[in-house]
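Me: Hi! I'm about to look at a new structure and could use a guide. Can you walk me through it?
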Protein chains: 2
Amino acid sequence: MNSQKGLRVVIIGGVACGPKVASRLKRLIPDAEVTVIDRSEYVSYGACGIPYFLEGVFDSIDALIETPAKVKRTPEFFEKAKGFKVLTKTEAKKIDPESKTVLVQDLESGKEQEISYDKLVIATGASPLKPPIPGIDKQNVCFVRDLNDASRIKAIIDKEKPKHAVIVGGGYIGIEMAEALKSAGLDVTIIEMLDQIFPQFLDKELSLLIEKYMKTRGVNIYTKEKVLEIKGNEKAQFVKTEKQEIPAEIVVVAVGVRPNDRLARDAGIACNPKGGILINNYCQTSDPDIYAGGDCVVNQYINPITGQPVYIPLGSTANKHGRVIANHIAGIITPYPGVCGTSICKIFDMAVGRAGLTESLANSLGMDVVSTIWSGPDKPHYMNGKPLVIKILASKRYRRILGVQVVGFGDVARRVDVAATAIFFKATLDQMAYFDLAYAPPFSPPIDPIITASHVLLNKMNGLAQGLNPLEAKKRMDENPDLILLDVRTPEEFSQMRLDDERVVHIPLGALRNRLSELPKDKEILAFCKVSMRGYEAQRILNAAGYDKVWFIEGGLIGWPFKIWTP
Amino acid sequence: MNSQKGLRVVIIGGVACGPKVASRLKRLIPDAEVTVIDRSEYVSYGACGIPYFLEGVFDSIDALIETPAKVKRTPEFFEKAKGFKVLTKTEAKKIDPESKTVLVQDLESGKEQEISYDKLVIATGASPLKPPIPGIDKQNVCFVRDLNDASRIKAIIDKEKPKHAVIVGGGYIGIEMAEALKSAGLDVTIIEMLDQIFPQFLDKELSLLIEKYMKTRGVNIYTKEKVLEIKGNEKAQFVKTEKQEIPAEIVVVAVGVRPNDRLARDAGIACNPKGGILINNYCQTSDPDIYAGGDCVVNQYINPITGQPVYIPLGSTANKHGRVIANHIAGIITPYPGVCGTSICKIFDMAVGRAGLTESLANSLGMDVVSTIWSGPDKPHYMNGKPLVIKILASKRYRRILGVQVVGFGDVARRVDVAATAIFFKATLDQMAYFDLAYAPPFSPPIDPIITASHVLLNKMNGLAQGLNPLEAKKRMDENPDLILLDVRTPEEFSQMRLDDERVVHIPLGALRNRLSELPKDKEILAFCKVSMRGYEAQRILNAAGYDKVWFIEGGLIGWPFKIWTP
């Protein structure tokens with residue numbers, strides 16, 4: 001397409017964004033001179049796969065550095081198959097935008113040289129945060145960043161056979177590592193300083209559901225608890241928190257990452273005060289000949305506009321940055337629209353995902369938010385549908401969807417992706433209510449869960465449905481000893497599980513119209529069922545009969561993050 | 001919300017749309033008098049679940065008439081739990097829009113009566129087409145319409161233990177029934193008159209992939225073959241086609257359905273000449289007090305506008321119609337935006353889905369279409385990603401996505417739903433290229449397949465990628481004996497499967513730059529690999545070296561619907 005003979009492009013960082021820029025650029029401008037620099041021995045590896053390697057999903061770490069055709073992604077591979085040069089074990093020390101050079105050092109020989117560029121790409125990634133905990137430098141205290149970390153953790157597990165692991169931090173990586181180490185046979189405890197796991201990722205009522213599930217899988221979780229010290233001799237032996245000492249022959253610290261923006265800052269390139277290189281829609285930095293992408297930059301929210309740059313480092317975004325950068329260098333204008341906060345995480349047999357804003361983030365931005373929680377199966381019951389819990393939030397005034405969170409054992413990714421696509425297009429709830437999504441019994445109920453959730457929120461906005469989310473319901477239950485908890489499930493369902501509360505009145509929905517006399521009109525009534533379709537029906541029946549202090553508990557027992565009695 | 005005391009709403013048809021209207025209406029207007037009429041004994045059952053009942057996914061047909069809480073959806077259930085009346089075994093004989101009455105007949109007593117309405121809803125569904133094949137009235141020749149049909153087929157299988165089944169018709173229901181009967185242990189043959197299975201649903205290159213797979217699962221398929229006669233005594237014994245006689249102790253006829261619009265037509269309500277009641281966005285017919293929804297109506301394509309009503313009967317659409325109708329009667333204005341041709345079907349372990357137009361439909365409408373086929377795993381290879389094949393088409397001029405088809409063993413529904421949502425919003429390829437979809441290794445590769453497919457089509461539109469879809473490639477192979485088939489996979493891959501063609505030249509991608517001398521510049525070269533990422537890279541390498549008659553085969557060997565040699 002282009003012939004820009006001799007165009008020199010230097011790319012600092014060889015994991016996701018960097019190799020993507022290089023590969024695409026060589027397809028766009030075959031005679032460009034493209035050089036990728038990385039301080040590690042490995043480039044273009046699947047860093048996100050590390051927890052699954054440790055879990056034993058695959059045996060050899062080589063799988064993470066091979067192509068699907070089992071060719072190792074070595075410098076030779078890139079030279080031969082892709083046509084660009086890779087300098088491994090080489091560190092970029094300094095960028096000089098004035099002379100357009102990068103000072104690099106060969107980490108084996110110590111030799112330094114200057115490399116000239118016409119266009120420079122900074123794709124230096126991120127590094128794990130290292131909190132100032134006494135004992136954090138002990139042996140067997142691990143971070144999860146690169147393949148060396150992965151090998152190190154694997155070696156500890158295989159050789160030292162630790163029995164107890166403590167994970168410091170309850171975000172993605174912490175949770176993924178908890179699953180990995182639990183699956184590898186260890187006793188695992190997560191310590192999270194804040195009052196919930198997945199603190200930035202999810203609203204609390206959903207994170208509580210995940211906590212509840214993880215505990216059934218044998219993982220210990222302590223939130224609102226701070227790690228004070230890692231105790232032991234050379235090796236970690238105990239993790240001491242404000243409340244307890246927990247044995248730990250291996251400690252994984254995963255309290256977040258920070259963008260590697262030092263090189264850019266030192267070169268005078270504009271960065272976010274809180275960290276992260278600032279880029280425009282073409283991934284250009286404040287120096288138009290210097291691009292940046294991947295985990296070292298901050299992004300814009302595509303929509304709704306938060307007005308603030310957000311730091312959400314993900315391999316998916318890094319690859320898209322790479323394409324935008326290569327295109328722009330080659331003269332193809334493909335503006336990057338920004339992220340919409342989409343992410344997903346597997347937790348044993350459960351998945352949890354999100355697109356858009358959480359309610360707590362939207363509230364903190366002063367938005368007029370209305371939300372609901374829906375639960376139900378992801379397929380017809382006769383096809384063994386698995387439960388999903390969906391939280392959906394919208395702007396009250398503009399009816400636009402602000403965010404969707406999905407937790408459950410069914411196809412979570414599908415609903416998150418529909419939400420992400422909808423948010424991309426500034427969808428309103430009214431639009432999502434009629435999306436023509438794929439229906440057949442092996443895949444979904446006739447009305448897809450994401451659509452039903454929209455319907456519920458519309459009903460709520462129209463004043464038809466009066467729902468309380470589980471936290472609101474719990475608060476009301478705690479505050480009002482005199483309310484009625486109206487369980488409208490069948491006797492069979494009632495015998496299998498129920499709320500263990502003496503305020504529970506059990507009247508199956510079909511009998512409700514005939515048994516109204518059992519319910520006083522002056523008390524608050526919280527109706528519910530398994531998922532709360534019938535809870536909502538009960539609310540409508542009671543409204544029609546003149547009851548006006550009636551709510552249903554959104555998400556029903558499936559979405560109830562607190563204790564449920566079973567025989 | 002509303003109080004329209006005594007509002008009389010009559011609904012003809014009790015399966016999907018009808019009960020949805022009734023249930024929602026009673027929640028919106030608790031004191032409305034709502035009556036549902038159905039000629040069958042059963043109402044509100046899961047008709048789409050019939051093939052899975054016959055396959056043995058669940059044991060009792062009752063599952064299809066029960067709620068998830070195992071309450072049978074009888075007239076008593078609806079009266080008590082939902083508050084509306086259901087008249088089963090009651091047939092609507094005539095609508096009189098003038099006097100606003102429906103003449104109904106009790107099918108047991110034969111007694112007729114007139115029922116008055118303020119608002120009428122026609123939700124009469126569809127009936128299977130009965131082609132004029134001699135012998136079609138024999139015993140053991142079955143249609144798949146309602147629970148009686150399901151019970152009948154089940155009884156034949158259980159009691160008569162037929163060994164051979166012939167399915168007449170290769171659309172959804174035919175294919176679903178083929179899976180069901182094969183899984184139930186029968187020898188199954190599909191006869192399709194047209195030159196491909198899924199004739200309206202899919203483009204041919206994808207339907208061929210499914211045929212190929214179904215044959216590996218032991219289903220016999222004959223396309224372009226017409227059934228002439230069903231032979232036997234009282235019971236079917238053979239199906240005679242133009243070419244052969246096939247033993248068949250059970251015959252399932254599934255050649256399509258037609259909308260039940262007779263009642264509407266007789267009442268002077270506007271219908272599509274080809275069948276189907278015409279409705280506006282509120283599901284009102286030409287008589288504003290008469291609504292219609294579900295399988296008896298034709299819809300509009302949401303986008304792109306085909307200008308023609310389309311007949312795509314689906315339970316998902318029927319339920320949405322029901323909501324729109326109930327809302328409109330209650331004074332809530334929620335226009336139905338139309339369908340975008342989304343559908344999905346499971347075939348053993350494979351799934352196939354579509355959103356938007358097929359290429360053949362778009363071509364027949366005179367649209368300027370450009371398309372591509374992509375194949376690849378739905379997760380990173382180290383997570384055992386399963387293959388998907390995606391066909392994507394766009395308008396050349398406006399770059400808008402016109403349609404997406406997905407076939408494979410991975411998460412097909414997810415990608416179809418993203419496409420359906422994108423098409424809803426008139427997405428361009430350029431937008432889909434940067435959707436922020438959910439990424440983590442257990443769910444997807446860093447760049448989701450639907451996004452990669454968009455990238456490929458963009459590359460093709462930009463003149464960068466020169467792809468031939470499998471049918472185009474096959475045609476060229478048939479016409480030009482002198483071309484070169486350049487297989488750029490690794491030697492290991494080459495030993496495991498390959499095109500059995502003496503024109504194949506095997507040069508692994510990594511060796512290509514050094515072995516250019518083996519390839520003449522004057523011959524046409526078709527490069528390919530397993531999925532055709534490397535095929536595309538080879539094309540670019542050869543272009544850069546001055547070769548200009550080079551194409552890659554889109555979808556590679558994974559997407560190749562013809563014979564592939566394996567040891």
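Reply: Happy to! One term before we start: two strands pair if DSSP finds at least two bridges between them, and strands (E, at least two residues) and helices (H or I, at least four) are DSSP runs, numbered from the N terminus. This is a predicted model, where local features need pLDDT of at least 70, side-chain atom pairs count only at pLDDT 80 or more, and totals for chains, interfaces and linings use all residues. Residues are numbered from 1 along each chain as its sequence is written, while chains are lettered from A and ligands numbered from 1 in the order in which they are written.

Me: Which order do the strands of the open sheet in chain B have?
Reply: The order is S4-S5-S6, 3 strands with antiparallel pairing.

Me: And which strands stand at the edges?
Reply: S4 (90–96) and S6 (112–116) of chain B do; each has a single partner strand, so one side of each lacks a neighbour in the sheet.

Me: How many bridges join S4(B) and S5(B)?
Reply: There are 6, with S5(B) covering residues 101–106. In S5(B), Thr101(B) is the residue opposite Asp96(B).

Me: New topic: how many residues of chain A are in contact with chain B?
Reply: 76 residues of chain A touch 76 of chain B, where contact means that C-beta atoms, placed from the backbone, lie within 7 Å. H10(A) gives the most to that side of chain A, with 9 residues.

Me: Why do the copies meet through the same surface?
Reply: Because 100% of the interface residues of chain A are also interface residues in chain B.

Note on methods:
Contact = placed C-beta atoms within 7 Å.
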